[in-house]
Amino acid sequence: MKPNTTPPTDNAPEITPAGVEFTRWLAVGSLLGLIALGLLWELWLAPLREGGSWWAIKVLPLCIPLAGLLKNRMYTYRWVSMLVWLYFTEGVVRAWGDAWPSNVLAGLQTLLCTSLFVACALHVRIRFKAAKATGHFVPVPRD
């Protein structure tokens with residue numbers, strides 16, 4: 001789909017650039033996948049202790065940006081792309097050092113973190129490019 005090149009009028013809605021919706025839903029899906037995986041992993045699939053683990057609370061910080069991603073807030077995409085590296089690091093460490101099935105779940109966490117980062121980075125890039133092309137981009141002043 002090619003975005004409309006005519007500028008929007010006061011009555012017409014803004015045209016979203018191609019790829020924004022895909023990256024938005026990829027980010028939301030990856031985030032929901034990380035939340036579900038974290039809960040399932042620590043409560044039922046491979047908890048650190050029999051009967052579940054308190055480590056399941058590690059998904060609470062992932063719940064905070066969900067509303068911002070659903071509302072398409074640029075700032076949320078930017079800080080989530082940095083937060084996700086904590087979970088990526090945990091996934092790599094546990095994939096390397098844990099036994100089966102925890103290492104497989106950690107590998108899946110690493111893949112979800114990578115897709116979340118890529119989705120957020122592409123989303124921000126596409127939106128900045130579109131803002132610059134339409135003249136809505138406000139550059140940061142240099143000293």
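**How the helices pack**

Start with H1 and H5, whose axes lie 8 Å apart and pack at an angle of about 155 degrees. An angle over 145 degrees counts as roughly antiparallel, so H1 and H5 are roughly antiparallel to each other. Their crossing is left-handed. Sorted by class, the contact of H1 with H5 has 18 nonpolar residues, seven polar ones and two charged ones.

Before I go on, please keep in mind that this is a predicted model. Read from the N terminus, the order of elements is α-α-α-α-α. The protein chain has 143 residues, and 34% of them count as buried. As for contacts between residues at least 6 apart in sequence, 66% join residues at least 24 apart.

Back to the helix pairs. H4 covers residues 74-97 and H5 covers residues 102-134. The axes of H4 and H5 come within 8 Å, and they cross at roughly 160 degrees. H4 and H5 are therefore roughly antiparallel to each other. H4 passes H5 in a left-handed crossing. The contact of H4 with H5 has 16 nonpolar residues, nine polar and four charged.

The next pair is H1 and H4. Here the axes come within 13 Å and cross at roughly 40 degrees. H1 passes H4 in a left-handed crossing. Which residues meet between these two helices? From H1 they are Arg 24, Ala 27, Leu 34, Trp 41 and Glu 42, and from H4 they are Tyr 77, Val 84 and Arg 94. By class, that contact divides into five nonpolar residues, no polar ones and three charged ones.

Now to the loop between H1, residues 20-45, and H2, residues 60-63, where Leu 48 is found. Is Leu 48 buried or exposed? Its relative accessibility is 51%, and the cut-off for exposed is over 50%, so Leu 48 counts as exposed. Not counting residues up to four places away in sequence, Leu 48 touches Glu 42, Ser 53, Trp 55 and Arg 94. Two of these names have come up already: Glu 42 in H1 and Arg 94 in H4 are among the residues where those helices meet.

Leu 48 can also be placed relative to Ser 102. The two are 54 residues apart along the chain, and their C-alpha atoms are separated by 9.3 Å.

Ser 53 has its place in the loop between H1 and H2. Ser 53 has a relative accessible area of 11%, and buried means under 20%, so Ser 53 is buried. Leaving aside neighbours within four places in sequence, Ser 53 is in contact with Glu 42, Leu 43, Pro 47 and Leu 48. Glu 42 is therefore a contact that I can name for Ser 53, which is buried at 11%, and Glu 42 is also touched by Leu 48.

Phi of Asn 72 is near 65 degrees, which is a positive value in a residue other than glycine. With 21% relative accessibility, Asn 72 counts as partly exposed.

Val 92 is in helix H4. Val 92 counts as partly exposed, at 39% relative accessibility. How far apart are Val 92 and Gln 109 in sequence and in space? They are 17 residues apart in sequence and 8.5 Å apart C-alpha to C-alpha.

Then comes the loop between H4 and H5, where Pro 101 lies. A cis peptide bond joins Trp 100 and Pro 101, with omega at about 5 degrees.

**Cysteines**

Last, the cysteines. How many disulfides does a search of the whole structure find? The search finds zero. Cys 63 counts as partly exposed, at 38% relative accessibility. Cys 120, by contrast, counts as buried, at 1%.

H5 is roughly antiparallel to H1, and H5 is roughly antiparallel to H4. That is what I have; I will take questions now.

Key:
Residues numbered from 1 in each chain as written. Predicted model: local features only at pLDDT ≥ 70, side-chain atom pairs only at ≥ 80, totals over all residues. Heavy atoms only, no water. Axes fitted to C-alpha atoms, helices over the stretch in contact; angles between N-to-C directions. Helix = DSSP H or I, 4+ residues; strand = E, 2+ residues; numbered from the N terminus. Parallel < 35°, antiparallel > 145°, perpendicular 65-115°, else oblique. Left-handed = near helix turned anticlockwise from the far one by under 90°. Nonpolar A, V, L, I, M, F, W, Y, C, P; charged D, E, K, R; others polar. Buried < 20%, exposed > 50% of the residue type's maximum accessible area, 1.4 Å probe, protein only. Contact = heavy atoms within 4.5 Å. Disulfide = S-S within 2.5 Å.
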